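Please keep the structure open beside the text as you read.

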Amino acid sequence: MNIGVVVFPGSNCDHDCRYVFRDVLGQDVTMVWHKERSVSGLDAIVLPGGFSYGDYLRTGAIARFSPVMEAVREYAEEGGLVLGICNGFQILLEAGLLPGAMLRNDSLHFICRDVYVKVENAATPFTGACESGQVLQIPIAHADGHYYADPVTVASLKANAQIVFRYCMPDGRVTKEANPNGSLDNIAGICNAAGNVLGMMPHPERCAESILSNDDGRIILASMVEGLKKRRRAEEWGEISEVQGNKAVIPSRAEDGLKIRGGRGKV
Amino acid sequence: MPPITDDLIAQHHLTRDEYQRIVTILGRDPNLTELGMFSVMWSEHCSYKSSRVHLNKLPTSGPRVVQGPGENAGAVDIGDGLCAVFKMESHNHPSFIEPYQGAATGVGGILRDIFTMGARPIALLDSLRFGELNVSQNRRLMKGVVAGIAGYGNCMGVPTVGGETVFNEIYSLNPLVNVLCLGIAEKDKIFRGAAAGIGNPVIYFGSKTGRDGIHGATMASDSFDDESERKRPTVQVGDPFQEKLLLEACLELMAADLLVGIQDMGAAGLTSSSCEMASRAGTGIELDVALVPRREPGMTPYEVMLSESQERMLMVAKAGKEDECIAICRKWDLDVAVIGWVTGDGVLRVKDQGTIVAEIPAKALADEGPRYDRPYSPPAYQDLLTNLNYDVIPDVKDANAALLSLLESPTIASKRWIYEQYDHMVRTNTVVRPGSDAAVVRIKGTPKAVAMTIDCNSRYCLLNPYEGARLAVAEAARNLVCSGAEPIGLTDCLNFGNPERPDIMWQFVMAVEGLADACEFLKIPVVSGNVSFYNETNGLSIYPTPMVGMVGLIDRVERAMTQWFKEEGDDIILLGATRDDLGGSEYLKIMHSREQGSPPFLNMEAEKALHDCVLTLVRGGLVQSAHDCSDGGLAVALAESCLSAPGRQLGAAVQLTRGRLRKDAVLFGESQSRVVLSAKPAHREAVLERAKSFAVPAAVIGTVGGDRLVVSLGDERSAANVIDAPLSTLHDRWARSLERVLNET
């Protein structure tokens, strides 16, 4: 697969994303400069973490105006997979590709540490290899990770199963204590209604190899890759190529023998 | 231009003799711009005028040394065609005046030193000293400094992986902020700051020049008093986003093979970068300040040449490559301008719209400043500090309570409150995170990793600066071998008081000689460093604090070792001998309010044998954990081995014998050359045998397991539990102490 990693001025997890997709998962990676206006030919797009434009004004607020974001929007509307990690999530919120907004962490400090998240929706292209309710240990590193949305939006996120990850205790209980930043409803990651755009504050690319003390993040990135491969196979067989309305049909659950290492087991 | 008066000379912190020297060099009186340029370049901060004669004693060569002191940073060969480029620098004075920006720009400055050499920075460490946290001003300073380091380092995407923080009243009015940065470069693609090639263009790029930080270097070469708050305008303001762009642009420029030389504009800004680059190449530079991108109108040549605005660089490009350089800078949205060219006459010639405003021989400005061999003699109070009659200090009655007090003292307590504010994982190389003896960062594309640590016990240095400096080197090396790394290079940051005082100068000279002797013995070259004098306020000096940053190499990253116990049933083995070493201990300070006595005894041969032994054991896969015994002694080292595990914590049952030693010396004395190991019982004999072969004392002192730390102390006839506490209690005291005290308002 050819994964595009967008480089904004101030991106600083772009190299990490390239490394994990290219060197750990064996995929092709294309670095996409933020001034480019086309993202054609890519199988998925990653908006990496960092401090795009220094996070001046508000996290992601300037990056959303980068020329590449118009192409990313079109790409997403056509059903392409878009993963925003940390600052990438913040940019997706500012760009309106995902609903809601980010506030400062409750502590008002930057927080870098391992947290636990519970997979609330294992039927997305990003969680296809996970079990529903699975607990993953993944680091966070942000100052603005307190997710917020109005009650109507939150209700619709819940109704459509768009809440993909929630902060939890190691045993999977979703508690106040497990919430590192005050995020509404312990939300750590959400997807759009079609399921092809995911934003998450934790950094799966930082825990995809056992030498980094934990490889739970690998299951998310590998789910993406395996899902894309499966989609390509399906397309080649002509089984699925149409787009129904605004909703891309993407085989998401890994069924045929796909087992990916990592994860903390079921709850 | 105003006439040069005695007042003006004094305001520039130049002595009458130094002024005369300037007149001799120029063959005339300087104008104001020239006076300003001399004053910053000849400041203590830039010229090392009081320290240079002693720094020459440090060993700086070795088979791995690619670049020793004198460049922007040092470089050491790590094989695979790569080298580790590193340096440590202080930003003490600005951080006291304005903690957030002072610390932030300290990070910015050292990062530039590293990427200027062509290395991508991969790790930052910070060594901090503050006053006691029961004083609100000290809490404010600490919060500001930590936030400043986080704000800059996190935005740059360079992980802050380690360091140390120590609290002592003496730093209340003069905190220390020392930052170490390490980068990786290809060995044959190291860039140096030399303006070679007559006619080559001199290009300015980065941020615009403003009026901030004028005379920052001079401020950093002065003591403080109650008026120091007013010096806030001399502190620069950092913009990490600009620096991130600068970093990427520099590495792109270097990869494109366009440059002859490059240097960042740190202290003394455009003046230092231009004259130092010319001096190194034996050339001159002619530049026009009117071409320098500016933040505000009406700046004088004096202001432009002395501004310490951050995030600026000067490069000398290959002739004809200007346009390519400019295109890369523009891609990264940086200001860029060709401001002059390299000349052959050795003169730094500054023009303003074509009119000459300063003309100084570059070498004289950069390298021929005054050198002082200042008088030094031990202070009269030195004997009072070291003579301590232990008979008046009762032995410990409640060791359990003493251990708890030590664990929650901020110097020993977990620094999680600090390092969780730093992104310590970005770049996905951090194999051992903060909270072990040394940080370990892998080198992608190789099987290797580097380990890094900063150490200095300034109380030891106060009591005996020579021994204190040797102890700092020994401890740093011990921390590295405990992590499985072979020490390969050292950078220092020498923080002292006013060198014009003979007692302070004595501390400095003794410390440098201690460093030199220890490095010589352990064959660790000093490849870079920094001196910070005038760390005193209202006449009160800090303790002598020669910070030692050390870098080690791990051949196979998977063999990196950590300090915490791993498995129930493992043997706990103590390497090294325990002596009566209570002098200068954290225990005496916390429990008896004494900072007295002689620092612990250090036998370098025994220390070296211990290093070789530990490295062999770790590399041989014979141990599960290794932890250096330092502040708080054996009891604290055991507690940390139990408590610092990121996952499940394991207790320990330990039996110690005291022989003829005091109880408190056995438990809390800080005898050197000791390491607490844990090993599978199946490896017990092999470990003991190896230790014997290195002539390192070794004893099985207990077993890992349970949820308590239990230590008994006795002789052959009887033993009693002197420490017995649940891990939950110990952990609460140790892990939450900092946040508890910092949450007080």
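Predicted model: local features only at pLDDT ≥ 70, side-chain atom pairs only at ≥ 80, totals over all residues.

In chain A, nine strands make up an open sheet, and their order is E2-E1-E3-E4-E11-E10-E9-E6-E7 with mixed pairing. The edges belong to strand E2 (28-33) and E7 of chain A; each has a single partner strand, so one side of each has no neighbour in the sheet. On average, neighbouring strands of this sheet are turned by 25° against each other, direction ignored.

E6(A) is joined to E7(A) by eight bridges in the antiparallel sense, and A:Lys118 has A:Val135 as its bridge partner in E7(A). E6(A) also pairs with E9(A), again antiparallel, over four bridges; here the partner of A:Tyr116 in E9(A) is A:Cys168. Strand E9 (residues 163-168) of chain A in turn pairs with strand E10 (residues 187-191) of chain A, antiparallel over three bridges. In that pairing, A:Phe165 stands opposite A:Gly189 of E10(A).

Helix H5 (residues 218-236) of chain A lies across strand E3 (44-47), strand E4 (81-85) and E7 of chain A, and it runs at about 170° to E4(A).

**The sheet of chain B**

Chain B has an open sheet of seven strands, ordered E8-E10-E7-E11-E9-E12-E13, and the pairing is mixed. Strand E8 (259-264) and E13 of chain B are the edge strands; each has a single partner strand, so one side of each is left without a neighbour in the sheet. From one strand to the next, the twist averages 20°.

Strand E9 (residues 284-288) of chain B and strand E12 (residues 347-352) of chain B run parallel and are joined by four bridges, with B:Val350 of E12(B) as the bridge partner of B:Leu287. E12(B) then pairs with strand E13 (residues 355-361) of chain B in the antiparallel sense over six bridges. Within this pairing B:Val347 stands opposite B:Pro361 in E13(B), and B:Arg349 has B:Glu359 as its bridge partner in E13(B).

Helix H11 (residues 269-281) of chain B lies across E8, E9, strand E10 (312-317) and E12 of chain B, and runs at about 135° to E8(B).

**Helices of chain B**

| Helix pair | Angle between axes | Axis separation |
|---|---|---|
| H16(B), residues 399-408, and H23(B), residues 633-643 | about 65° | 10 Å |
| H7(B), residues 99-115, and H10(B), residues 240-255 | roughly 5° | within 11 Å |

H16(B) and H23(B) are therefore roughly perpendicular to each other, and their crossing is right-handed. B:Leu403, B:Leu406 and B:Leu407 of H16(B) meet B:Ala635, B:Val636 and B:Ala639 of H23(B) in this contact. By class, the residues of the contact are six nonpolar, no polar and no charged.

The angle of roughly 5° between the axes of H7(B) and H10(B) makes these two helices roughly parallel. Their contact is made by B:Gly108, B:Leu111 and B:Phe115 of H7(B), together with B:Pro240, B:Glu243, B:Leu247, B:Cys250 and B:Leu251 of H10(B). These residues divide into six nonpolar, one polar and one charged.

How far apart are the end C-alpha atoms of helix H8 (residues 136-156) of chain B? They are 30 Å apart, which agrees with the 30 Å that its 21 residues should span at 1.5 Å a residue. Just after H8(B), B:Gly157 has a positive phi of about 75°.

**Where the chains meet**

Between the chains, 23 residues of chain A are in contact with 24 residues of chain B. On the side of chain A that touches chain B, the elements giving two or more residues are helix H1 (14-24), strand E6 (111-119) and strand E7 (135-142) of chain A. That side has 13 nonpolar, six polar and four charged residues.

Key. Residues numbered from 1 in each chain as written. Chains lettered and ligands numbered in written order. Axes fitted to C-alpha atoms, helices over the stretch in contact; angles between N-to-C directions. Parallel < 35°, antiparallel > 145°, perpendicular 65-115°, else oblique. Left-handed = near helix turned anticlockwise from the far one by under 90°. Contact = placed C-beta atoms within 7 Å. Nonpolar A, V, L, I, M, F, W, Y, C, P; charged D, E, K, R; others polar. Pairing = 2+ DSSP bridges. Expected span 1.5 Å × (residues − 1).
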